[in-house]
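Trainee: I would like to learn how to read a few side-chain and helix features. Could we go through them one at a time?

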Amino acid sequence: MSTTLQDPRVIEFDVRTDEMLVNMGPQHPSTHGVLRLLLRTDGEVVHETTPHIGYLHRSAEKIGENLAGPQWIPYTDRMDYLAAMNMNLGMALTFEKLLKIEVPEKAMTLRLIIAELNRVASHLVGMGAYGLDLGSFSPFLYAFREREIILDLFEEACGARLTYSYLTIGGATHDLPGMITIPPGLASLTGRSPNLKLQWSDAVLLFLEWLEKRIVEYHTLLTRNSIFIKRTAGIGVMPREMAISYNCTGPVLRGSGVDFDLRRDGEPIYTRMYQGYEFNVPVAPFEDAPREAILGDNWCRFYVRMREVAESIGLVRQGLAKYPTAQGAYRVPYKMNTKLPRDEAYLETECPRGQMGFYIVGNDQAEPLRARAKSSCFCNLSVTGPLCEGVLIADIPSIVGSLDIVMGEIDR
Amino acid sequence: MAGARRRRAAPFPDSFRPFSTVTINEIHSRLVQQFGDQITGLNATATDPWIEVAPARWDEVALYLRDDEALRFDSLTNLTGVDYLETDPKKAPKFGHEPHLEVVFHLYSFVHRCRLVVKVKLPRWKNDVPGEIPDCPSVAHIWSIADWHEREAYDLVGINFTGHPNLVRILCVEDWVGHPLRKDYEFPLEYHGIRGK
């Protein structure tokens with residue numbers, strides 16, 4: 001939303017100010033990593049915003065050209081490190097598309113459970129960090145408390161807490177665990193004995209049941225908080241056409257009112273995983289939105305994420321119910337020296353932050369000729385220039401935060 | 001405010017219409033009718049079927065792809081460059097490609113819910129002079145996202161997008177030398193006093 005001098009929010013309307021160039025970042029806490037924004041300001045009003053990226057560039061694509069598929073998976077972990085499972089999944093599916101590997105039902109169910117759990121964890125960070133950007137500290141602490149338990153559960157499944165490399169070409173590296181000791185966080189939060197032994201799937205269900213009640217509290221803390229609404233509703237309005245032209249994806253696209261989710265509308269190799277599951281795709285506008293909210297503003301983008309958490313919880317429950325009877329093995333073997341055909345495959349998957357695409361060109365060698373990772377945040381961030389025209393400086397963290405970017409994925 | 005739009009997950013196979021070989025042939029014949037010899041190739045049997053376009057009038061073809069009623073490819077999902085070159089002389093006879101560059105465009109139409117891959121073939125160097133990067137018309141005015149994607153392709157693969165409003169490096173620093181995703185790229189031994197290797 002542009003601000004003019006006639007706007008009552010601009011108090012110093014008769015004070016002449018000079019244009020000033022202000023650097024926001026790369027070490028600014030609310031730029032979500034190492035993003036540098038160059039602002040051309042006139043008083044409190046920003047006329048031009050230029051994002052500078054590349055501080056975290058680690059040449060993942062060049063490295064990918066020299067490695068076989070399974071060897072590249074740890075590098076995809078480090079792209080969107082808040083949703084590493086979804087990165088692994090996207091990359092593995094692209095190789096499967098290229099090599100025409102059929103994944104058994106059991107592996108697909110396992111992948112769905114893990115990917116949706118990671119979506120919950122990722123959106124929790126997105127929510128907490130967004131509150132932090134706007135000056136509300138407590139949701140961040142609650143969000144990390146919840147995420148901690150998901151990380152504990154992932155640790156039981158694959159041994160790692162952040163960079164998993166769990167979902168691999170052909171399925172997953174291990175089957176889901178059986179009996180585990182209850183994660184300490186979960187034990188204390190739900191009042192169970194810390195020595196309690198239970199099935200991994202039961203631990204997940206216990207956690208989800210507990211988390212579902214907490215979501216109501218987050219809505220009280222943030223979504224319905226009048227300060228939060230004032231900082232987000234009606235600010236950073238992105239029209240539908242702009243979102244499509246800038247290829248904004250994920251919650252950013254759905255916040256602008258485009259009903260599109262790759263889990264439902266994607267390519268068959270990906271949507272097959274979600275076949276037979278019940279879930280809704282939350283799309284703005286919402287009937288329970290506050291009066292101030294406009295289609296495509298910060299609040300809508302935030303609320304899409306919050307609603308997605310609830311949908312993902314439902315998906316994990318359905319997946320866990322299906323898992324014991326799912327047919328086949330948890331993976332089909334993949335040899336490291338499998339030669340990639342003289343063909344190419346591009347596949348996008350619905351990651352928490354948008355549609356992450358992988359593009360693999362094969363040439364009769366185990367190493368791809370070209371391994372490209374198309375980042376969703378890269379596209380979502382490119383819209384900041386036009387979106388931040390004429391806003392107040394204080395609204396910049398609010399707009400950038402609502403795009404929910406992770407610099408590791410943008411710079412790759 | 002209007003009611004929340006909800007769509008159930010049920011109609012999976014119908015909601016996605018994958019690109020059958022028929023439709024890519026239709027698009028190809030439409031483009032040939034419009035642009036004649038500018039459309040230089042078609043591969044309908046690949047995993048992702050693609051159409052090859054000559055670089056000279058690529059921006060006009062792109063505008064037609066976006067605005068024609070039957071096509072309406074309103075979204076550019078990916079833009080990247082691929083360097084076809086084998087630097088190892090032992091493997092070169094088996095490589096199977098002439099050395100060249102390809103700019104690959106992955107398009108999506110929200111209107112018709114279908115995908116298309118377009119390739120633009122370029123020489124590795126302009127006029128065969130090493131160091132002179134080849135030209136390709138920019139499509140940044142057609143799809144806004146192409147602005148950043150083209151900057152990245154210029155930065156990493158070394159393609160000069162003519163008509164781009166601000167073609168500067170995006171991931172590497174401004175004074176970086178060379179284009180790292182070229183196959184014959186040599187890693188720098190030193191950068192501002194920082195030793196490599």
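Trainee: Which residue lies over the face of A:Phe144?

Mentor: Keep in mind that this model is predicted. A:Arg147 lies over the face of A:Phe144, 5.3 Å from the ring centre. A second case is A:Arg412, whose charged end sits over the ring of A:Phe378 at 5.6 Å from its centre.

Trainee: How is a pair of aromatic rings described?

Mentor: By the distance of the centres and the angle of the planes. Over all chains, the count here is 20 aromatic pairs. One of them joins A:Trp72 and A:Phe358, with 5.9 Å from centre to centre and 90° between the planes, and is edge-to-face. A:Trp72 belongs to helix α2 of chain A and A:Phe358 to strand β9 of chain A, so the pair ties together parts 286 residues apart in sequence.

Trainee: Are these two residues buried or exposed?

Mentor: A:Trp72 counts as buried at 1% relative accessibility, and A:Phe358 is buried at 0%.

Trainee: Which aromatic pair joins two chains?

Mentor: A:Phe260 and B:Tyr108 form a tilted pair, 5.3 Å centre to centre with 50° between the planes. A:Phe260 is in the loop between α10 and α11 of chain A, and B:Tyr108 is in strand β4 of chain B, so this pair joins two chains. Both A:Phe260 and B:Tyr108 are buried.

Trainee: At what angle do the axes of α4 and α13 of chain A cross?

Mentor: At roughly 150°, and the axes come within 8 Å. Angles over 145 degrees count as roughly antiparallel, and α4(A) and α13(A) are therefore roughly antiparallel to each other. The residues of their contact comprise 13 nonpolar, five polar and six charged.

How values were computed. Residues numbered from 1 in each chain as written. Chains lettered and ligands numbered in written order. Predicted model: local features only at pLDDT ≥ 70, side-chain atom pairs only at ≥ 80, totals over all residues. Heavy atoms only, no water. Axes fitted to C-alpha atoms, helices over the stretch in contact; angles between N-to-C directions. Helix = DSSP H or I, 4+ residues; strand = E, 2+ residues; numbered from the N terminus. Parallel < 35°, antiparallel > 145°, perpendicular 65-115°, else oblique. Nonpolar A, V, L, I, M, F, W, Y, C, P; charged D, E, K, R; others polar. Phe/Tyr/Trp six-rings, centres within 6.5 Å; stacked < 30°, edge-to-face > 60°. Buried < 20%, exposed > 50% of the residue type's maximum accessible area, 1.4 Å probe, protein only. Lys NZ or Arg CZ within 6 Å of the ring centre and 35° of its normal.
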